[in-house]
Every structure is written in structure tokens, then in C-alpha cells.
Amino acid sequence: MMDWKEIQVLFYLSTLSLSVVADVTIQPLNDQRVNKGDTVVLDCVLQNIGNPNDVLLFWYHDGKAVAVNTRLAVDNPNYQLDTSVAGHWKLTIQQAQIEDQGTWQCRVQLPNDVFQEMALVVLAPPVIMSVTPDMSPMPGSTVTLWCNATGSPEPSVTWTRQRPAGHLPSGVEYVTGNPLVLNDITNDWRGLYQCFVTNGIGQGAVTAPVFLQMEYFPVVKAKSGLVAAPIGNSAHLRCICESFPAVRSIDNVKWFKNDRLVDVNDGYQMSVELDLEMDPYRETSVATLIVTSVTTESLGTYTCRFNNILGSAEANMKLEEGKQIDPDTGASRSMASTLKFAMATSMATVAVAKILMK
């Protein structure tokens with residue numbers, strides 16, 4: 001790489017021979033649009049140059065000297081200078097990057113500064129470099145969400161609220177721009193926010209999520225308000241709780257039967273787990289109470305109560321004697337079998353129809 005003192009010496013020497021290069025001209029340069037990673041050849045064609053040792057030649061990129069005569073003035077392994085063909089001063093850029101785009105100028109040092117310029121555009125699909133990490137803001141605070149991306153042309157950033165789906169706090173469905181600022185945030189605006197980044201290059205938009213999690217009281221519901229089972233069979237009673245912090249420990253779930261606390265020593269099994277399939281953001285817990293063998297004494301109204309650091313909530317369900325209730329359809333076991341048979345028959349009919357259509 002050439003230092004500034006060497007450039008000054010060459011400049012001085014060139015001024016001693018101005019009469020030699022007075023008729024030098026440069027052919028116009030053509031603008032180029034290339035994709036990121038392409039090879040770019042910038043060919044400065046000189047006419048009437050005479051002895052090239054009598055002139056000072058520059059390649060400039062956005063005003064910065066990149067090459068002087070036969071030497072590079074910058075340390076970039078992707079740049080190669082070729083002056084082997086008389087009258088051609090070629091600068092080759094291997095693996096063109098976004099930072100290579102801009103105005104390139106070929107200049108010959110003359111009293112009237114002979115030069116030609118061209119614009120290089122390097123097209124690149126958007127890439128998200130960083131996004132605000134998931135956070136748990138305090139109610140009433142201001143939240144600033146950043147989605148920093150690169151690309152060429154410069155990509156646009158659009159923010160939406162994905163979960164629960166709906167409007168942003170400002171009342172609109174989306175906001176274009178960066179960052180997204182949420183003022184005086186409340187618990188109602190917790191959820192999944194997503195930035196969409198696009199610039200028309202590549203396969204489409206790229207996205208990144210930001211999850212705003214805020215503490216809130218449990219919200220509890222019974223999976224089924226009525227559970228039926230024959231005497232002697234087992235019965236499964238389930239409650240679903242949404243809260244943050246989520247309820248993860250069985251110590252934070254209490255079961256009651258007819259307002260009396262249920263004891264595992266009375267023939268019950270208890271469990272609680274996060275339902276990541278229902279809610280990958282770890283707010284939903286499912287508590288299960290198994291009555292291992294239904295008796296007339298175990299029939300009645302059951303209550304599940306969930307607690308987190310903010311408070312508690314509960315839901316009720318009834319256990320009755322009767323045909324086993326399918327937990328997925330709410331139908332009796334015999335009716336559930338009929339429904340499953342009907343679905344299987346329908347699927348078989350569709351399959352036969354597809355074969356006949358071929």
C-alpha cells in the first residue's frame with residue numbers, strides 16, 4: 001500500500017511533464033449494477049497517454065484514493081490492479097460487497113484535471129444484524145424496539161404485533177420505520193412483536209421476533225366443565241392457566257373438592273407442566289388431577305386454583321358418574337368412537353376418489 005509521501009512525490013514528478021500529457025483523454029465510464037459477490041471490472045481507457053511514467057493516474061472511490069499508477073493505495077485483498085495492456089487501467093473487485101458501491105472516478109493529473117466517473121451499485125438481499133432482545137418492561141415505561149438490518153438498496157423495516165394478533169398500541173396494524181417506540185406501556189400490550197425487513201432483492205422479507213413479557217395475574221379455565229366416568233374407572237380433570245410468571249410448580253396449584261383441599265393420599269395424582277405446543281412463550285400451564293378410581297365419594301365439584309407472585313385465580317368443573325367423556329371432543333366414549341370411525345371412513349373415501357381421478 002502506498003503512503004501519502006509517495007503519492008506527493010509522484011504528483012511532483014507529474015507536474016514536470018505536463019506538456020507531454022496535455023492531449024490525454026479518458027473514455028466515458030458506464031454505470032454498473034451487480035449482485036453482492038460478483039466480480040466487477042472497472043476499465044479506465046486512456047487515449048494519447050504517451051509515456052505512462054510521465055503522468056499520475058488515480059482511481060478514487062467516493063473521493064478516497066484507491067490506486068495510484070501501478071500500485072494500490074488501500075489494503076484490500078479483493079482489489080487487483082492491472083496495467084499490462086497499453087491504454088487500459090483496470091481495477092478488478094473480487095467478491096463485491098455493499099461497501100464497494102458508490103462513485104468511482106478515474107483521474108489523470110493534468111492542468112485541467114481530466115477524469116471520468118461512474119456509479120457502482122451492489123445489490124444485496126436484506127440481512128437482520130441485530131434485534132432488541134426479549135424484555136420484561138415495567139408498566140408505564142417507554143419501550144424502544146430496534147431491528148437493525150443491512151442490504152442494498154437500503155431495506156425498509158415494518159413492525160407488527162403477531163401474538164395476540166391485532167393492532168399496535170397506536171391503533172394501526174403496522175408501523176414502517178425503525179425503531180418502534182411504545183409509550184406508557186400497559187399489560188395489554190405484552191406479546192410477540194415482529195419486524196419484517198425487505199428491499200425487493202432476494203426471496204422476500206426476513207423477520208425477527210421480539211417478545212414483550214409483563215407480569216400479570218393468572219387467568220384460569222377448566223378444559224372441560226363436565227367430566228364423566230364410570231365407577232371404578234380413572235378420571236382426568238384438567239385446568240389451563242395463563243400467567244406470568246408462569247405456574248411451573250405443583251406447590252403453586254391447589255385442588256379442592258366441594259371446597260375441601262384434595263390430598264394425594266386419598267387416591268389422587270397431581271401434576272403441572274408448561275404447554276409449549278399451545279404456547280411456546282412459556283405463559284401457559286396445564287394442571288392435571290387424576291382420580292385413580294372413581295367412587296361415589298369422589299363425585300362432585302372440583303376447583304383448581306393457581307398462584308403466582310401477583311395473586312391467584314381458579315376454575316370449577318364437575319365429576320359425574322356416566323359414560324367416559326373424551327377429553328378432546330367432549331363426547332362420550334361410545335360417541336367418540338363413532339366420530340373417529342366416521343372420520344376414518346371419510347378419509348378413505350377421499351383417498352379412493354383421488355385414485356379414481358388419476
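**Stop one: the cysteines in the middle of the chain**

Select Cys147 and Cys195: both are buried, where buried means under 20% relative accessible area, exposed means over 50% and partly exposed lies in between (1.4 Å probe, protein chains only). Before you click on, know that this is a predicted model, in which local features need pLDDT of at least 70, side-chain atom pairs count only at pLDDT 80 or more, and totals for chains, interfaces and linings use all residues. Residues are numbered from 1 along each chain as its sequence is written, and side-chain values use heavy atoms, with hydrogens and water left out.

Now show the sulfurs. A disulfide joins Cys147 to Cys195, S to S 2.1 Å; the rule asks for a pair of cysteine sulfur atoms within 2.5 Å. The torsion about the S-S bond of Cys147 and Cys195 is about 45 degrees, so this disulfide is right-handed. The pair links distant parts of the chain, with Cys147 in strand E12 (residues 147-152) and Cys195 in strand E16, 48 residues apart. Strands here (E, at least two residues) and helices (H or I, at least four) are DSSP runs, numbered from the N terminus.

**Stop two: the other disulfides**

How many disulfides are there by this rule? The count comes to three. Pick Cys44 and Cys106 next: they form a disulfide with their sulfur atoms 1.8 Å apart. The torsion about that S-S bond is about -75 degrees, so the disulfide is left-handed. Cys44 lies in strand E3 (residues 40-47) and Cys106 in strand E9, so the pair ties together parts that are 62 residues apart in sequence. Cys44 is buried, with a relative accessible area of 0%, and Cys106 counts as buried at 0% too.

Then jump to Cys239 and Cys304, joined S to S at 1.9 Å. With -90 degrees about the S-S bond, this link is left-handed. Cys239 sits in strand E20 (residues 235-244) and Cys304 in strand E25 (residues 300-308), 65 residues apart.

**Stop three: a sheet of four strands**

Colour E14, E13, E16 and E17: in that order they form an open sheet, and the pairing is antiparallel. Two strands pair if DSSP finds at least two bridges between them. E14 (174-176) and E17 (206-212) stand at the edges, each with a single partner strand, so one side of each is left without a neighbour in the sheet. Zoom in on E13 (residues 156-163) and E16 (residues 191-198), which pair over seven bridges. Ser156 stands opposite Thr198 in E16.

**Stop four: the rings**

The structure holds five aromatic pairs. Rings of Phe, Tyr and Trp (its six-membered ring) pair if their centres lie within 6.5 Å; planes under 30 degrees apart count as stacked, over 60 as edge-to-face and the rest as tilted. Start with Phe58 and Tyr60, a stacked pair at 5.1 Å centre to centre and 15 degrees between the planes. Then select Tyr79 and Trp104, whose centres are 6.0 Å apart and whose planes stand at 75 degrees, so the pair is edge-to-face. Both Tyr79 and Trp104 are buried.
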